[in-house]
Amino acid sequence: MQTTPPPTPPWYRQVSRTQWKSFLAAWIGYVLDGFDFVLITLVLTEISDEFGLSTVQAASLISGAFITRWLGGAVLGALGDRYGRKLSMVLSILLYSVGTFACGFAWNYHSLFAARLAIGMGMAGEYSASATYVMESWPAALRSRASGFLISGFSVGSVLAAQVYNWVVPSLGWRWMFYLGLIPIAIALWMRRALPEAEEWTESVADKGAKPNPFRPLFVTRGRATVNTVLVVVATVSLFLVFTPGGAGMVPVLSVLAGLSLAAFAVQLGGKRGWALYLSMIVTLFFAFLYSWPIQALLPTYLKTELGYSTDQVTDVLYFAGFGTMAGCWAAGFLGDRIGAKKAYALTLLASLAFVYPVFAVQNNLLLLGILLFLLQATSFGISGLLPRYIGGHFPTASRGAALGFTYNVGALGGAVAPVLGAHLASGMDLGQALAVLTFAGTVIVVVLVGFDVPARLNRLTDPDSTPDHLAVVTTEKPVRADR
């Protein structure tokens, strides 16, 4: 007598109540991350007027968070690998919330810039900690959904910040935008207090009594430790000078110094078998930021200066963009679980190319521009919701936090370069045309790198026995080799 197997429950019932609670806590943290990050862009005019800042100084306050991202992502990610994802999340959210609160007490440019450095470290750690925590807590078959849903929180935070700005700044001033950053932080920390540790990290690391140290290759000998300490200083100082007025006239040399220092860390962290993966992943992520951040950073300027839109009209357009990104993150999660993260990422980005030039061809039709921008952001920026799933699958559990935090946040320097490059291109053409060219070219490069699986292919040259997708593996992982 044949018995029919019980029907498969809908996907949302495959996620337990505890796993949903874990996701919600991480999602709120990421909403706050997005809220805190965009605050400076909303109140930059008010800050410039009060402190008498030049255009270059004002812009450097935005770029300041990128200077310390690589260090914060690596250090807080490594703490998560060694002591657990929960601790890393709590430390990250405390760091960027304290940095945000400190912005409200800034008395000049330098004090505000210092607070922005703390925000950069915290938000970098938040990305790697929350992403690894959620994906390692959810069922393996639903991890693209976990990734996409989580990243949508950043857009929610951005939209929320824009709304709060309209309520708070006209009556209370710009400083209260930063003071308010502590209120929802308390809620997130309360929710995280009773959360369980990530299941996969617990099984692969904690239950075995392992104490992984992803930074061990950097301190094997006293000589190497000394050299790497110097490299940390060189990279940090070089990035500081690149993104502040102090590096005027020396940007090419300083950029090379910073790049070589960070590449040296990547080679050492990857080891003999993984160095090609680390370097190629950083390059892929650099171009991922390079194609997406010109529009994120310069779209309001384009709307105001070239299209002559009013402030209210710009806000309306940005709402279309924000909700497009959210919808794209959600859709990316479903598509990634259905056809695979790499394929979903490449195909959706390829589809986004159909909207790049039409967005910048529309001039006097606000509704049409909003619809096209919604579609572009959904397929272009929204698909980045799969990035945690895409990156994390390349690295084993014991080193995933540090590896994801380091490669993602070094690649994020493309987000700091993008506005500068877009503005430079605009000196020889219209700003809209410059943004279209940069977005189109960067997208094509990422489609090639992800679609042809370049990081994994290069990794197999140096590590033929590498696991194709660590996040798809539900059994206990092999011990991590000492040379990785």
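In the predicted model, helices H12 and H17 are oblique to each other, because their axes cross at roughly 45 degrees. H12 spans residues 251–305 and H17 residues 397–411, and the two axes come within 7 Å. The crossing of this pair is right-handed. On the H12 side, the contact comprises Leu262, Phe265, Ala266, Leu269, Tyr278, Met281, Ile282, Leu285, Phe286 and Phe289. These residues meet Ala403, Phe406, Thr407, Tyr408, Val410 and Gly411 of H17. By class, the contact of H12 with H17 contains 14 nonpolar and two polar residues, and no charged ones.

H12 also packs against helix H14, which covers residues 341–361; here the axes come within 13 Å and cross at roughly 30 degrees. Since angles under 35 degrees count as roughly parallel, H12 and H14 are therefore assigned to that class. The crossing of H12 and H14 is left-handed. Ala288, Tyr291, Ile295 and Tyr302 of H12 form the contact with Tyr345, Leu349 and Phe360 of H14. The contact of H12 with H14 consists of seven nonpolar residues, with no polar and no charged ones.

Nine salt bridges were found in a search of the whole structure. In one of them, glutamate 50 pairs with arginine 175, with 3.0 Å between the closest N and O atoms.

Arginine 400 is located in H17 and glutamate 200 in helix H10 (residues 199–204), so the pair connects parts that are 200 residues apart in sequence. Both arginine 400 and glutamate 200 are buried. These two residues take part in a network of salt bridges that links Asp81, Arg85, Glu136, Arg143, Glu200 and Arg400.

The N to O distance in the salt bridge between aspartate 463 and arginine 273 is 3.3 Å. With a relative accessibility of 1%, aspartate 463 counts as buried, whereas arginine 273, at 24%, counts as partly exposed.

Conventions: Residues are numbered from 1 along each chain as its sequence is written. This is a predicted model: local features need pLDDT of at least 70, side-chain atom pairs count only at pLDDT 80 or more; totals for chains, interfaces and linings use all residues. Side-chain values use heavy atoms; hydrogens and water are left out. Axes are lines fitted to C-alpha atoms, for helices over the stretch in contact, and angles run from 0 to 180 degrees between N-to-C directions. Helices (H or I, at least four residues) and strands (E, at least two) are DSSP runs, numbered from the N terminus. Angles under 35 degrees count as roughly parallel, over 145 as roughly antiparallel, 65 to 115 as roughly perpendicular and the rest as oblique. A crossing is left-handed if the near helix is turned anticlockwise from the far one by less than a right angle, and right-handed if clockwise. Contact means heavy atoms within 4.5 Å. Ala, Val, Leu, Ile, Met, Phe, Trp, Tyr, Cys and Pro count as nonpolar, Asp, Glu, Lys and Arg as charged, and the others, Gly among them, as polar. A salt bridge is a side-chain nitrogen of Lys or Arg within 4 Å of a carboxyl oxygen of Asp or Glu. Buried means under 20% relative accessible area, exposed over 50%, partly exposed in between (1.4 Å probe, protein chains only).
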